[in-house]
Amino acid sequence: MSSRIVVGANWGDEGKGRMVDYFAHDTDFVVRYQGGHNAGHTIVNDRGKFALRLIPSGIFYPGVVNVIGPGTVVNLESLVKEIDQLTSQGIHIGPDNLKISERACVCFPFHVLQDRYEEERLGGNKFGSTVQGIAPMYGDRYMKTAVQVGTLRSPAHVRRQLERCLELKNLLFERVYGQPRVSVDEMCDWAQRFGDRLLPHVTDTTRLLEDGMRGGRRVLFEAQLGTLRDVFFGIYPFCTSSNPLAHYAWVGGGVTPRGDAVVTAVVKAFSTCVGEGPFVTEIHGDVAEHFRQRTGEYGAATGRPRRIGHFDAVATRYGVQMQGATEVALTKLDNLSGETALKICTGYAIDGETTTDFPLNPDLERASPVYEDAEGWDDDISGARRYADLPARARTYVERIESLIECQIKYVSVGPQREALIVR
């Protein structure tokens with residue numbers, strides 16, 4: 001195995017960071033291939049607890065080269081602050097172990113403003129954006145008005161591209177949002193100030209990775225969010241603006257596809273969701289709030305409370321299949337200890353009929369969950385390191401999920417620590 005792709009099979013927040021961190025000790029490159037600084041990949045190791053936003057989750061291992069791929073968008077200021085924060089905590093980050101693709105695109109402050117203005121305009125119909133400028137940035141990329149990171153070496157080119165972009169953007173700001181214009185000069189200064197800090201990291205990462213893979217070096221691709229937030233196959237339009245699917249790892253990572261990749265789909269032992277959109281198994285009220293507070297279910301990047309639900313096997317099977325998963329990592333099983341009323345959604349009731357297929361939003365919004373009950377357990381399982389150490393009811397729960405999602409659960413996480421993982 002020369003490459004592995006770690007992806008989310010749900011709505012995001014599945015625990016991908018802890019799985020990438022686990023696998024990264026045995027790899028040469030870790031590549032973030034889509035999304036931007038709106039991630040919150042949580043890592044717990046012997047140095048403490050970290051929430052990574054754009055920097056790949058292999059940054060804690062000496063000798064691992066971390067790559068921000070061409071499929072990503074890079075907020076220069078946010079990335080500089082993330083580097084400085086990690087450096088202040090004793091983590092080495094230099095041009096030797098952090099590389100940025102010259103073909104990634106820059107997320108400017110005006111993208112963040114546009115994101116916020118649009119959510120405010122939408123009001124009750126908002127999409128639930130993290131308001132980090134990701135959607136406007138990807139929009140500009142496809143409108144061909146974006147600035148590629150590598151062109152920061154050519155200030156004249158950056159200015160021309162910003163003039164092209166802001167000519168239309170300022171009309172939108174003034175006439176639709178009633179907001180002030182954005183200065184080209186200020187954006188050029190911002191790009192130079194933070195770009196100069198990052199240019200030593202900027203390179204042709206495609207050549208770097210292709211040379212490495214031809215030489216037998218191992219690559220680990222890291223996704224942000226999950227299947228159900230994919231812009232093509234997720235709960236459109238309540239989705240992200242990029243492709244968190246494993247198939248996109250090759251494009252967003254900037255390398256030629258290889259057929260021998262292991263695809264590890266990460267799935268949470270219960271369902272959670274941040275943001276808007278249909279969420280069939282959602283639990284409301286005091287029960288949800290108590291569970292949320294007990295388990296710390298808040299967005300790592302935004303701090304927003306996550307919506308809580310029973311395990312949705314319909315959505316998860318779809319998520320696993322769309323990822324082309326070869327194996328599954330089930331996380332946060334330990335959070336269910338003491339929960340006696342476990343339920344698993346095995347189907348959706350829509351207009352009097354039951355389906356096990358994951359539908360489009362018009363049907364999804366009318367769907368009611370069809371549940372089967374599962375017996376809970378009281379045991380503290382955080383110290384389990386072998387599958388046999390789990391109580392029988394916990395094993396039954398894992399195996400029932402495995403049969404419903406139709407993919408082997410190879411890893412079971414029983415805590416956030418690197419070593420709190422059972423390999424089946």
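This is a short tour of the model, stop by stop, with what to select at each one.

Before you start, note that the model is predicted: local features need pLDDT of at least 70, side-chain atom pairs count only at pLDDT 80 or more, and totals for chains, interfaces and linings use all residues. Residues are numbered from 1 along each chain as its sequence is written, and side-chain values use heavy atoms, with hydrogens and water left out. Helices (H or I, at least four residues) and strands (E, at least two) are DSSP runs, numbered from the N terminus.

**Stop 1: helix 2 on helix 6**

Select residues 76-88 (helix 2) and 184-198 (helix 6). Their axes come within 9 Å and cross at roughly 40 degrees. That makes helix 2 oblique to helix 6. Axes here are lines fitted to C-alpha atoms, for helices over the stretch in contact, with angles running from 0 to 180 degrees between N-to-C directions. Angles under 35 degrees count as roughly parallel, over 145 as roughly antiparallel, 65 to 115 as roughly perpendicular, and the rest as oblique.

The crossing of helix 2 past helix 6 is left-handed, meaning the near helix is turned anticlockwise from the far one by less than a right angle; clockwise would be right-handed. Now show side chains: Leu76, Glu77, Leu79, Val80, Ile83 and Asp84 of helix 2 meet Trp190, Ala191, Phe194, Gly195, Arg197 and Leu198 of helix 6. The residues of this contact divide into eight nonpolar, one polar and three charged. Contact means heavy atoms within 4.5 Å. Ala, Val, Leu, Ile, Met, Phe, Trp, Tyr, Cys and Pro count as nonpolar, Asp, Glu, Lys and Arg as charged, and the others, Gly among them, as polar.

**Stop 2: helix 5 on helix 6**

Arg159, Leu162, Glu163 and Leu166 of helix 5 make the contact with Val184, Asp185, Met187 and Cys188 of helix 6. Sorted by type, that contact has five nonpolar residues, no polar and three charged.

**Stop 3: helix 4 and its end**

Move to residues 134-143, helix 4, where Ile134, Pro136, Met137, Tyr138 and Asp140 are buried. Buried means under 20% relative accessible area, exposed over 50%, and partly exposed in between (1.4 Å probe, protein chains only).

Lys144 is in the loop between helix 4 and helix 5 and counts as exposed, at 62% relative accessibility.

**Stop 4: Thr281 and Cys345**

Select Thr281, in the loop between strand 12 (271-273) and strand 13 (282-283). Thr281 is buried, at 0% relative accessibility. Beyond its neighbours within four places in sequence, its contacts include Ser271, His310, Asp312, Cys345 and Tyr371.

Cys345 is also worth a click: this residue is buried at 0% relative accessibility. Its sulfur is 14 Å from the closest cysteine sulfur, in Cys273, too far for a bond. The structure holds zero disulfides, a disulfide being a pair of cysteine sulfur atoms within 2.5 Å.

**Stop 5: two backbone spots**

Finish with Glu406, in the loop between helix 12 (392-405) and strand 20 (409-413). Its phi is near 60 degrees, a positive value in a residue other than glycine. Then look at Tyr236 and Pro237: the peptide bond between them is cis, with omega near 10 degrees.
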